[in-house]
Amino acid sequence: MKHFPKPLSKEETLALISRLDHHFKKHGYCYFAIDLIETGAFIGFTGFANQTWDSDFTPCVDIGWRLKRSAWGKGYATESAAACLKIAYSMFGLKEVLAFTTDTNKASQGVMTKIGMQYENTFQHPAIINDPRFKHCVVYKWQYL
Ligand SMILES: CC(C)(COP(=O)(O)OP(=O)(O)OC[C@H]1O[C@@H](n2cnc3c(N)ncnc32)[C@H](O)[C@@H]1OP(=O)(O)O)[C@@H](O)C(=O)NCCC(=O)NCCS
């Protein structure tokens with residue numbers, strides 16, 4: 001969580017799960033849980049969410065990912081995110097998907113590049129505008145062709 005303002009408490013985590021559940025019921029997609037096929041273990045999430053905070057490129061749908069540390073570096077983020085983009089249009093009607101992160105989060109940008117997203121721009125995230133650690137964010141774009 002070093003690329004986020006702070007780790008979430010248990011209550012904040014439960015609230016996030018509840019928001020994702022609500023988002024899934026309303027829109028048919030959300031940040032989906034990732035389970036390992038071999039063991040069924042829950043290792044994190046990848047998926048889509050509607051973003052409505054104020055910027056030049058919102059409202060939009062973004063793709064995001066967050067894996068527990070022991071699952072990093074095994075290609076799971078790339079595999080699950082690529083699988084999401086594969087069904088983005090056919091299942092959810094999404095023709096354009098954006099991804100955001102801080103300019104220091106090279107792991108996340110590595111996933112963006114590996115799943116074929118194109119670097120678009122830098123911006124300052126309005127929700128964390130007063131925190132110098134997150135001053136510079138990047139946006140990548142994927143389009144259905
Ligand atoms: C971002 C995250 C999901 C990536 O997971 P991962 O399992 O390492 O991703 P992958 O194994 O699919 O790797 C994708 C590419 O990212 C790059 N990458 C991974 N970690 C990296 C790092 N620390 N520095 C630079 N590049 C890195 C690699 O180039 C890799 O490509 P390769 O297979 O050719 O080496 C994981 O680091 C994570 O959960 N981080 C914490 C939460 C987070 O930051 N989420 C994103 C917020 S926007």
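A: Buried means under 20% relative accessible area, exposed means over 50%, and partly exposed lies in between (1.4 Å probe, protein chains only). The model is predicted: local features need pLDDT of at least 70, side-chain atom pairs count only at pLDDT 80 or more, and totals for chains, interfaces and linings use all residues. Residues are numbered from 1 along each chain as its sequence is written, and side-chain values use heavy atoms, with hydrogens and water left out.

Q: Does Thr58 count as buried or exposed?
A: Thr58 counts as buried, because its relative accessibility is 14%. Thr58 is found in the loop between β2 and β3. Helices (H or I, at least four residues) and strands (E, at least two) are DSSP runs, numbered from the N terminus.

Q: What does the side chain of Thr58 reach?
A: Start with the term. A polar contact is a pair of N or O atoms within 3.5 Å; within protein, one must be able to donate a hydrogen and the other to accept it, and residues adjacent in sequence count only if both atoms are side-chain atoms. The Thr58 side chain reaches the backbone oxygen of Trp53 at 2.4 Å. A polar contact of 2.9 Å links the side chains of Thr58 and Ser55.

Q: Is the peptide bond from Thr58 to Pro59 cis or trans?
A: That bond is cis, with omega near 5 degrees. Pro59, too, sits in the loop between β2 and β3.

Q: How do strands β2 and β3 pair?
A: Two strands pair if DSSP finds at least two bridges between them. Strand β2 (residues 42-51) and β3 pair in the antiparallel sense, over eight bridges. Thr46 stands opposite Trp65 in β3.

Q: How many residues of β3 are buried?
A: In a regular strand, side chains alternate between the two faces of the sheet. Seven of the eight residues of β3 are buried, so the strand is largely enclosed by the rest of the structure.

Q: And how many residues of β4 are buried?
A: Six of the seven residues of β4 are buried, so β4 too is largely enclosed by the rest of the structure. Seven bridges join β4 to strand β6 (residues 137-143), and the two run antiparallel. Glu96 stands opposite Gln143 in β6.

Q: Where does Thr101 lie?
A: Thr101 lies in strand β4. Thr101 counts as buried because its relative accessibility is 10%. Its side chain makes a polar contact with the side chain of Asn105 (3.2 Å).

Q: How do I read the faces of a helix? Which residues of α2 are buried?
A: An α-helix has 3.6 residues a turn, so residues three or four places apart point the same way. In α2, the buried residues are Ala77, Ser80, Ala81, Cys84 and Leu85. Seen down the axis, they fall within an arc of 140 degrees, so they line one face of α2. The arc is that of the directions from the helix axis to the C-beta atoms. The face turned away from that buried side carries the exposed residues Glu79 and Lys86.

Q: Which residues are buried in α4?
A: Ser108, Gln109, Val111 and Met112 are buried there. They cover an arc of only 155 degrees around the axis, which puts them on the same side of α4. The face of α4 turned away from its buried side carries the exposed residues Lys106, Ala107 and Lys114.

Q: Which residues come nearest to the ligand?
A: A residue is near a molecule or strand if one of its heavy atoms lies within 4 Å of it. There are 20 residues around the ligand; Trp65, Leu67, Gly75, Thr78 and Asn105 come nearest. The shell divides into nine nonpolar, seven polar and four charged residues. Ala, Val, Leu, Ile, Met, Phe, Trp, Tyr, Cys and Pro count as nonpolar, Asp, Glu, Lys and Arg as charged, and the others, Gly among them, as polar.

Q: Which atom of Lys74 lies 3.4 Å from an oxygen atom of the ligand?
A: A backbone N or O atom of Lys74 does. A side-chain N or O atom of Thr78 is 2.6 Å from a ligand oxygen. A polar side-chain atom of Lys114 lies 2.9 Å from a ligand oxygen. Taken alone the ligand exposes 930 Å², and the protein buries 67% of that. Accessible areas come from the Shrake-Rupley method with a 1.4 Å probe; for residues, only the protein chains shown count as cover.

Q: Which elements give two or more residues to the shell around the ligand?
A: They are β3 (60-67), α2 (76-86), β4 (96-102) and α4 (106-114). The largest share, six residues, comes from α4.
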